[in-house]
Amino acid sequence: MKHPQIPTHYRQYRVEGLHFWDIRQIAQLERLVFLEPMSVSQVCRKYFLSRTRYLVVKDQGRIIAYFGFEVLGQYAHVLANVTHPQYRRQGLAAFVLTRAQPWAERLGAKAFLGEVRLSNQAQLEVLEMIGWKQLGIIPRFFGNGEDAHIVMKVF
Ligand SMILES: CC(C)(COP(=O)(O)OP(=O)(O)OC[C@H]1O[C@@H](n2cnc3c(N)ncnc32)[C@H](O)[C@@H]1OP(=O)(O)O)[C@@H](O)C(=O)NCCC(=O)NCCS
């Protein structure tokens, strides 16, 4: 692996489950960073599924990073992970993704599985650092025609 250590600046933070009243903040972050964001009602529908979890990191009540996943059989499929632009490169994505594993295991998952845009070098770097593997490419996976790397972390 390129980096043997997860950055440690995040130590002042903790990971917690998303509260219903914070769903709007997730949708705002989705709109801020994604080409194909989930709306408030879409996040809300996911939130109420027993197989779905959104884990968040907050700074004074404001969500600064999150990771959502949905367990399907033995896989926890990635919905999204985001770090607010003002809080990047502090290890928050690596932190929340790593802390999520026991939450996914409690729902019966044995691995994380996701799709990452070929252009998303930041996400690919984070995942490589914490031991995720790239399995292959699916052509034109995303709505705008971009290819996806299939990524996986076996627990
Ligand atoms: C991808 C993303 C979640 C990374 O969040 P982050 O909290 O800044 O990531 P981390 O601080 O945990 O990064 C850990 C390591 O990954 C690598 N990395 C992170 N961002 C990088 C970038 N923009 N370029 C190159 N390497 C990067 C670095 O090795 C970094 O360690 P370092 O800062 O000590 O060099 C964030 O950029 C983001 O929210 N992007 C938009 C949403 C998105 O694309 N999500 C993923 C698809 S669902």
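The model is predicted, so local features need pLDDT of at least 70, side-chain atom pairs count only at pLDDT 80 or more, and totals for chains, interfaces and linings use all residues. Residues are numbered from 1 along each chain as its sequence is written, and side-chain values use heavy atoms, with hydrogens and water left out.

**The chain**
- The chain has five helices and seven strands (DSSP runs numbered from the N terminus: helices are H or I with at least four residues, strands are E with at least two).
- Starting at the N terminus, the order of elements is β-α-α-β-β-β-α-α-β-α-β-β.
- Along its principal axes, the C-alpha trace spans about 40 × 35 × 30 Å.

**Around the ligand**
- The ligand has 21 residues around it, and the closest are Asn81, Thr83, Arg89, Gly91 and Asn120 (a residue is near if one of its heavy atoms lies within 4 Å).
- β4 (75–83), α3 (92–99) and α5 (121–129) each give at least two residues to this shell, and α5 has the largest share with five.

**Polar contacts**
- A polar contact here is a pair of N or O atoms within 3.5 Å.
- A backbone N or O atom of asparagine 81 is 2.7 Å from a ligand nitrogen atom.
- Threonine 83 places a polar side-chain atom 2.8 Å from a ligand oxygen atom.
- A backbone N or O atom of alanine 94 lies 3.0 Å from an oxygen atom of the ligand.

Definitions and conventions:
A polar contact is a pair of N or O atoms within 3.5 Å; within protein, one must be able to donate a hydrogen and the other to accept it, and residues adjacent in sequence count only if both atoms are side-chain atoms.
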